[in-house]
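Student: I have a structure open and would like to go through it with you. Can we start with particular residues and then move on to the whole?

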Amino acid sequence: MTDVKQGGRITGVEDKDYDLVSALYHTLEGAATYEMYANDAEQAGDRELVDFFHEIKDQNCKYAARAKKLLAARMG
């Protein structure tokens, strides 16, 4: 059976650290995606969706900032 997770014994990075890096990556990727969605909604003239996607993006950015702080504390 193949281990699906890329952390731990496969990479030599502890699972918890791998998970933190992954969470950072995915929150940043999500923020970029939600900004694209907001732009689409803006072009369609749907202000309610623009605000919604910006709200989600802002939350992802907050989580990313927190993940960066946690990562920095563990690296140094």
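Student: Leaving aside neighbours within four places in sequence, what is Arg 74 in contact with?
Tutor: Arg 74 is in contact with Asp 17 and Leu 20. Keep in mind that this is a predicted model.

Student: How far apart are Arg 74 and Asp 17, in sequence and in space?
Tutor: They are 57 residues apart in sequence, and their C-alpha atoms are 8.5 Å apart in space.

Student: Where is Arg 74 placed, and is it buried or exposed?
Tutor: Arg 74 is in helix H2. It is exposed, because its relative accessible area is 52% and the cut-off for exposed is over 50%.

Student: What about Leu 70, where is that?
Tutor: Leu 70 is in helix H2. Its relative accessible area is 34%, so Leu 70 is partly exposed.

Student: Ok, back up. How many helices and strands are there?
Tutor: The protein has two helices and zero strands. Helix H1 covers residues 15-43, and helix H2 covers 47-75.

Student: What span does H1 reach from its first C-alpha to its last?
Tutor: H1 has 29 residues and reaches 42 Å, close to the 42 Å expected at 1.5 Å a residue.

Student: And how far apart are the end C-alpha atoms of H2?
Tutor: They are 41 Å apart. The 29 residues of H2 should span 42 Å at 1.5 Å a residue, so the two values agree.

Student: What happens just after H1?
Tutor: Gly 45 takes a positive phi there, of about 75°.

Student: Which residues of H1 are buried?
Tutor: Leu 20, Leu 24, Thr 27, Gly 30, Ala 31, Ala 38 and Ala 41 are buried in H1. Helix H2 is included in what covers them.

Student: Why would some of those numbers be three or four apart?
Tutor: As a general point, an α-helix has 3.6 residues a turn, so residues three or four places apart point the same way.

Student: Which residues of H2 are buried, and what do they pack against?
Tutor: In H2 the buried residues are Val 50, Phe 53, Asn 60, Ala 64, Ala 67 and Leu 71. They pack against H1.

Student: Asn 60 is on that list. Why does it count as buried?
Tutor: Its relative accessibility is 14%, and buried means under 20%, so Asn 60 counts as buried.

Student: What does the side chain of Asn 60 reach?
Tutor: It reaches the backbone oxygen of Thr 27, at 3.3 Å. Setting aside neighbours within four places in sequence, Asn 60 is in contact with His 26, Thr 27, Gly 30, Ala 31 and Tyr 34.

Student: Tell me about Thr 27 then. Buried or exposed?
Tutor: Thr 27 is in helix H1 and counts as buried, at 15% relative accessibility. Not counting residues up to four places away in sequence, Thr 27 touches Asn 60, Tyr 63 and Ala 64.

Student: Which residues make up the largest nonpolar core?
Tutor: It has five residues: Leu 20, Leu 24, Ala 64, Ala 67 and Leu 71. H1 and H2 are the elements that give two or more residues to this core. H2 gives the most, with three residues.

Student: New topic. How many aromatic pairs are there?
Tutor: The structure holds three aromatic pairs. One of them is Tyr 37 with Phe 53, an edge-to-face pair with 5.4 Å centre to centre and 65° between the planes. This pair links distant parts of the chain, since Tyr 37 is in helix H1 and Phe 53 in helix H2, 16 residues apart.

Student: How accessible are Tyr 37 and Phe 53?
Tutor: Tyr 37 counts as partly exposed, at 37% relative accessibility. Phe 53 is buried, with a relative accessible area of 16%.

Student: Which residues do the ring pairs link into a cluster?
Tutor: The cluster holds Tyr 34, Tyr 37, Phe 52 and Phe 53.

Student: Last one, the whole protein. What share of the residues count as buried?
Tutor: Of its 76 residues, 20% count as buried. The protein exposes about 5,900 Å², and carbon and sulfur atoms supply 56% of that.

Notes. Residues numbered from 1 in each chain as written. Predicted model: local features only at pLDDT ≥ 70, side-chain atom pairs only at ≥ 80, totals over all residues. Heavy atoms only, no water. Helix = DSSP H or I, 4+ residues; strand = E, 2+ residues; numbered from the N terminus. Expected span 1.5 Å × (residues − 1). Buried < 20%, exposed > 50% of the residue type's maximum accessible area, 1.4 Å probe, protein only. Contact = heavy atoms within 4.5 Å. Phe/Tyr/Trp six-rings, centres within 6.5 Å; stacked < 30°, edge-to-face > 60°. Polar contact = N/O pair within 3.5 Å; in protein donor to acceptor, adjacent residues only side chain to side chain. Core = buried A, V, L, I, M, F, W, Y, C linked by side-chain atoms within 4.5 Å. Areas by Shrake-Rupley, 256 points an atom, 1.4 Å probe, with all protein chains shown as cover.
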